[in-house]
Amino acid sequence: MNQPNRIDSWLLQDDEKPLTITEDPKIPNAATVLLRKQDHTLGNMIRAQLLLDPTVLFAGYKVPHPLENDIIIKIQTDERSNPADALKRACHLLIRQTVHIKQQFMDQAKNIEMGMGPDQALAGVNNGNYDPYSDGLGREGNTIVGGQVRDNNQTDVYDF
Amino acid sequence: MNGYYNGPSTSSAPAQPVGGLPGGIDVPLGQTNQPRLLVRNLNNTETNFHLSGVELAYANSLRRVMMADVPTIAIDQVLFLQNTTPIPDEMLAHRLGLVPLISKGVAKGLRYTRDCECDEGCYYCMVTLKLKVSFRGADGEKFMRVTSDMLEISPSPGGPPPPNPYGPPPDLTDDDRQIINNRDSELGVPVGKGQPGVPPILLAKMGQGQEIDLVCKAYKGIAKHHAKWSPLSTVAFEYDLYNKLRHTTHWFETDERAEWPLSSNAVFETPPDPSEPFDYNAVPSTFYYTAESVNSIPVRSVVEQGLDLLIENLAGVILAVQKETGVDEDEEDGGENGDVGVVEPDFSGVDGYGAPGGYGAPGGVGSFGANGGQWGAGNGMSPLRR
């Protein structure tokens, strides 16, 4: 069979560099980053984070060919920064977010496994004011914390 | 909640200090970079959680990584010694491959065969299972069911010698010891075997006088190779249940709501106000996940490993950029012990993240995840054998 080896779609060869940065010959502060053996998982995430960066003027990614397991990210920044820094910054921030999410997941998972239910979660459900994060962002001015609900409510708050 | 975010970062959302970023540029906190998670349900098989405050792209990446990048073990090679049933060998081998095997701790407790010194599988990179059944035709039964419960684990070659309190300690490398210590005692057992109430998986039916005798080799792998290695059977992922953002079009004949029933998650969102104009600045921001495991790995561990893999990949990009641009030379050779990937000096000071170990080490994020660790770091690899 002439099917390419499937492992090659995510594992770098021994002599392969994970990434190359090619500066754009005409546009200042612009570069094309070639990420090898990566796909939409990383490309789209990085692209989205780059666009939140105030110094980034342009960010886009594509999979140039469906049979080649590389992605390219094009980045243009203003003079305050440069594409490599912007890329590093985006990855840093994504890592922070991921660490934050993992922390929250592990805390809540621990609570659930100990039978306590997710802390202060689902507090407002029974009142029709669902505000899972208790920060008032979900509904206007209706932040109800667990204790109150537990006191004046008949049903189990953590009945999920 | 989707896109209905009131004003700038308010109330109890912690104002995270954004410092120590490359280039000294601050990225303002917005509605898509302050993640908040709510686990609504979690058991061994299934979890249901809401993730908000992230980009759609990020949410999708998490879904993708949980489905396709978390390693498990599955039968990959089958040696047929005898098969006289009408089921062809290929078909039976395929069915065997799809049987979920208990893979707890496989991230650290088993090697990829391509990373192993052995030639074609050993104790450190493979689980061997045997299936030997025959049917003589007892009790007037016309046929016998061959199920996954009949798969028996047999020791793989090259395992550590049996413990001998009098002899010298066995000659093992640190890598080998780590594998032995992290290896789950049930590794490779078909899911549900020996548990009453879990129906076994039917592999074949066997008539009178027929016989199956085969040896299976189960290897570690990921679902990018073949879907049989996926730890999850389903990841449901949805957002913007009322289609307020108009990311899709609901084609309908007479009544849109009747023909497109709302998902059960819709109770967590405010219904749209028809009098309100379309908010073209709105972005999706709450994502509803339901991940359902095949029980090879507890679903909690799948989520954690997925997040770790994201961190690992992103850290890899940072390292590669540093190598490519040649700056921060002193930082990139921080250590090969897997404990220090990239450590920005002031990174660990960021409160709320509490990861002084740096993000090269997923285990440093919290200590009770049994399955943190490193997955097939691509260095020092022997030539691919499979």
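**View 1. The largest nonpolar core of this predicted model takes in residues from chains A and B.** This core counts 104 residues. Which of them touch the most other members? They are A:Ile75, A:Cys91, B:Met66, B:Ala218 and B:Leu314.

**View 2. Zooming in on B:Leu314, we meet some partners from chain A.** Leaving aside residues up to four places away in sequence, B:Leu314 touches A:Cys91, A:Leu94 and A:Ile95.

View 3. Start at the N terminus and you'll pass the elements in the order β-β-α-β-β-α-α. Out of the 160 residues of chain A, 41% count as buried. Now take the contacts in chain A with a separation of 6 or more: residues 24 or more positions apart account for 43% of them.

**View 4. Chain B is split into domains by the domain assignment.** Domain 1 is pieced together from 30-70, 230-268 and 280-296. Domain 2 covers 72-160 plus 171-226, while domain 3 spans 298-379.

**View 5. This is where domain 1 of chain B meets domain 3 of chain B.** On the domain 1 side, 15 residues are in contact with 9 residues of domain 3. Which elements of chain B each supply at least two residues of the domain 1 side? Look for β2 (46-54), α1 (56-68) and β10 (286-293). Sorted by class, the domain 1 side has 8 nonpolar, 5 polar and 2 charged residues.

Note on methods. Residues are numbered from 1 along each chain as its sequence is written. Chains are lettered from A and ligands numbered from 1 in the order in which they are written. This is a predicted model: local features need pLDDT of at least 70, side-chain atom pairs count only at pLDDT 80 or more; totals for chains, interfaces and linings use all residues. Domain bounds come from an automatic or database domain assignment. Two residues are in contact if their C-beta atoms, placed from the backbone, lie within 7 Å. Helices (H or I, at least four residues) and strands (E, at least two) are DSSP runs, numbered from the N terminus. Ala, Val, Leu, Ile, Met, Phe, Trp, Tyr, Cys and Pro count as nonpolar, Asp, Glu, Lys and Arg as charged, and the others, Gly among them, as polar. A nonpolar core is a set of buried Ala, Val, Leu, Ile, Met, Phe, Trp, Tyr and Cys residues joined through C-beta atoms within 7 Å. A residue is buried if 20 or more other C-beta atoms lie within 10 Å of its own, exposed if 12 or fewer, and partly exposed in between; C-beta atoms are placed from the backbone.
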